[in-house]
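Keep the structure in view while reading.

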Amino acid sequence: MLIAVCSVKGSPGVTTLAVALAAQWPQAESTRRLIAEVDPSGGDLAMRFGLSATPGLVSLAAAARRTHGPGVVWEHTQALPGRARVLAAPPGGGHARAALSTLTATPNGPSLLHAVAGEAGVVVLADCGRVDPGSPAEAIARRADALVLVTGTQGDDLAHTAARLGELAGWTPRPGLLLTGEGYPTVDVERELGVSAIGRLPHDPAAAALISGHRRAPARRRGSGGLARQTAALARALATPAAPPSVAAPPQAHAVGMVPGVPAQQVRHQPGTTVSTPIGHRPSIPPLRPPMPVPPLGNGLSRNGHQPSTFGKEPLP
Ligand SMILES: Nc1ncnc2c1ncn2[C@@H]1O[C@H](COP(=O)(O)OP(=O)(O)OP(=O)(O)O)[C@@H](O)[C@H]1O
Ligand SMILES: [Mg+2]
């Protein structure tokens, strides 16, 4: 299974989420878990976990020109704590982008990770970083089984997300919008974006620091916490095979807010109305209302509307 994790603005915690999902993947002992840093702006995990600069994305890009089998990918990975592996990108954006561009321009290059992810008992978490238009990571994200778009919940985050949501939703069969941090309440974000979120990660610097390999995490603030619990729930949902087709859910229907194991959610055009996706038509995400009217709030609604229990209302198993 190949899961692309990405953002469209800022640093909402894509890399942290990829590491957390790998660490908390169900049946982790019997699953080969690979975090592939395919972020063209550069990698962080070698630095965070004290790994060597090589092997990694740069050495794989060179090797992929000579070797075509997916096994070559594993040769360029390094071990992370907890027995996950990482394909580490160099920290410099120039080097990382060049390596990624080389890899994706190589015949079979873009499908290498897909081929690895297709092996039994393997999950690849592709950290695509910020997928600006023209990002070389797009070729990899488009081959993913599921895409998780991570976004902050402040007005500027949401305006950028609204502008790209429809496009990104068409990249994979199962796109999902994941909210994070403090900002507008989930229910307001969903209403304004016209889609359901697959969850909301809390602002939890202490847990995030531990996930990021820092030994000394910042002290926990009152009311913070819960990141590990939420990412574990998300990992379980992503790992659950897609529900079999049913009469109620056309087999080729796609919608934002869908991830494997999460019941199909309908995209809302207008309050109170829903749409079904036409069979065989892709991308099938109905146009969102651009631009998002931000901020329509301030009429008594709290901007700091993060509610730790929000995830519980999501249709996770
Ligand atoms: N849920 C969270 N709560 C609090 N802090 C977080 C959370 N997730 C991540 N962080 C922190 O935010 C910072 C950025 O996280 P991370 O590197 O995962 O973001 P990113 O989206 O991958 O950024 P970039 O696009 O720059 O690679 C790190 O210091 C990380 O520890
Ligand atoms: Mg990152």
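## Helix 1 against helix 11

The axes of helix 1 and helix 11 (residues 227–239) approach within 9 Å and cross at roughly 70 degrees. The model is a predicted one. Angles of 65 to 115 degrees count as roughly perpendicular. Helix 1 and helix 11 are therefore roughly perpendicular to each other. Their crossing is right-handed.

Which residues of helix 1 and helix 11 meet? Helix 1 brings L17, A20 and L21. Helix 11 brings T231, L234, A235 and L238. By class, the contact of helix 1 with helix 11 holds six nonpolar residues, one polar and no charged.

## Helix 8 against helix 9

Helix 8 (residues 155–169) and helix 9 (residues 186–193) form another pair. Their axes come within 11 Å, and the crossing angle is roughly 40 degrees. The two helices are therefore oblique to each other. Helix 8 passes helix 9 in a right-handed crossing.

On the helix 8 side, the contact uses L158, T161, A162 and L165. On the helix 9 side, it uses V189, E192 and L193. The contact of helix 8 with helix 9 divides into five nonpolar residues, one polar and one charged.

## The shell around ligand 1

How many residues surround ligand 1? The shell has 20 residues. The closest are S11, G13, T15, T16 and A208. By class, the shell around ligand 1 has seven nonpolar, nine polar and four charged residues.

Three elements each supply at least two residues of this shell: helix 1 (14–23), strand 5 (122–130) and helix 10 (205–211). Where does ligand 1 lie relative to domain 1 and domain 2? Both domain 1 (1–144) and domain 2 (172–217 + 225–241 + 253–317) give residues to the shell, so ligand 1 lies between them.

## Backbone details

Most residues other than glycine have a negative phi, and most peptide bonds are trans.

P55 sits in the loop between helix 2 (45–48) and helix 3 (57–63).

R83 lies in the loop that runs between strand 3 (78–79) and strand 4 (85–87).

Note on methods
Residues numbered from 1 in each chain as written. Chains lettered and ligands numbered in written order. Predicted model: local features only at pLDDT ≥ 70, side-chain atom pairs only at ≥ 80, totals over all residues. Axes fitted to C-alpha atoms, helices over the stretch in contact; angles between N-to-C directions. Helix = DSSP H or I, 4+ residues; strand = E, 2+ residues; numbered from the N terminus. Parallel < 35°, antiparallel > 145°, perpendicular 65-115°, else oblique. Left-handed = near helix turned anticlockwise from the far one by under 90°. Contact = placed C-beta atoms within 7 Å. Nonpolar A, V, L, I, M, F, W, Y, C, P; charged D, E, K, R; others polar. Near = placed C-beta within 6 Å. Domains from an automatic or database assignment.
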